[in-house]
Amino acid sequence: MEEQAWEDVLTLTAVLARLARTDFASFCDVDGFQLAAEEAVRKAPLLLQALAREVRDRGLHVERGARSVESYLRSVLRIDMSEAKARLAAVDALHPTHR
């Protein structure tokens, strides 16, 4: 399962890079494609939230010497603290637990 997840995320990265280089000048339905792309990209936070939940639930932040899940996410992912807090707030809203 882990191997398939790695393969999927590496494929996703390659596909997004390829799409970013696409010349859309010849597209007849730019609006439809843009809507489909937007819907696909909006699903990305679900993966990021699931991974943040895994860090929280397994206590990986403690194992790695971080004071909190938020500080762990900030450090490892190089995101600002407000983004780390927002991710964890979304996780907590969907999957509450005691930290």
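Colleague: What is the relative accessibility of A50?

Modeller: This is a predicted model, in which local features need pLDDT of at least 70 and side-chain atom pairs count only at pLDDT 80 or more, while totals for chains, interfaces and linings use all residues. Residues are numbered from 1 along each chain as its sequence is written, and side-chain values use heavy atoms, with hydrogens and water left out. A residue is buried under 20% relative accessible area, exposed over 50% and partly exposed in between, with a 1.4 Å probe and protein chains only. A50 is found in helix α3, and it counts as partly exposed because its relative accessibility is 28%.

Colleague: How many helices does the chain have?

Modeller: Helices (H or I, at least four residues) and strands (E, at least two) are DSSP runs, numbered from the N terminus. Read along the sequence, the chain follows the pattern α-α-α-α-α-α. There are zero strands, and the number of helices is six.

Colleague: What is the radius of gyration of the chain?

Modeller: The radius of gyration is taken over C-alpha atoms, and the globule rule used beside it is 2.2 Å times the number of residues to the power 0.38. Along its principal axes, the C-alpha trace of the chain spans about 50 × 30 × 25 Å. For 99 residues the globule rule gives 13 Å, so the chain is more spread out than a compact globule, with a radius of gyration of 17 Å.

Colleague: What percentage of the 99 residues of the chain count as buried?

Modeller: The accessible surface of the chain, from the Shrake-Rupley method with a 1.4 Å probe and, for residues, only the protein chains shown as cover, comes to about 7,900 Å². Carbon and sulfur atoms hold 57% of that surface. Of the 99 residues, the part that counts as buried is 17%.

Colleague: Which residues is Y72 in contact with, leaving aside its neighbours within four places in sequence?

Modeller: Contact means heavy atoms within 4.5 Å. Y72 belongs to the largest nonpolar core. Once the neighbours within four places in sequence are set aside, the contacts of Y72 are V55, H61, R64, A66 and L77.

Colleague: Which residues does Q49 contact, if its neighbours within four places in sequence are left aside?

Modeller: Q49 has its place in helix α3. With a relative accessible area of 17%, Q49 is buried. Leaving aside the neighbours within four places in sequence, Q49 is in contact with R87, A90, V91 and L94.

Colleague: How far apart in space are A50 and A90, C-alpha to C-alpha?

Modeller: A50, which was described above as partly exposed, is 40 residues from A90 in sequence. From C-alpha to C-alpha, their separation in space is 9.9 Å.

Colleague: What relative accessibility does S71 have?

Modeller: S71 has its place in helix α5. Leaving aside its neighbours within four places in sequence, S71 is in contact with A66 and M81. S71 counts as buried because its relative accessibility is 10%.

Colleague: Near what value is phi of R78?

Modeller: R78 is found in the loop between α5 and α6, and at 74% relative accessibility R78 counts as exposed. Most residues other than glycine have a negative phi. R78 is a residue other than glycine with a positive phi, near 55°.

Colleague: How far apart are the C-alpha atoms of E38 and R64?

Modeller: E38 has its place in helix α2 (residues 30–41), and it is partly exposed, with a relative accessible area of 37%. E38 and R64 are 26 residues apart in sequence. In space, C-alpha to C-alpha, E38 and R64 are separated by 35 Å.

Colleague: What is the distance in space between L16 and V41, C-alpha to C-alpha?

Modeller: L16 has its place in helix α1 (residues 2–20), and it is partly exposed, with a relative accessible area of 44%. L16 and V41 are 25 residues apart in sequence. From C-alpha to C-alpha, the distance between L16 and V41 is 9.6 Å.

How values were computed
A nonpolar core is a set of buried Ala, Val, Leu, Ile, Met, Phe, Trp, Tyr and Cys residues joined through side-chain atoms within 4.5 Å.
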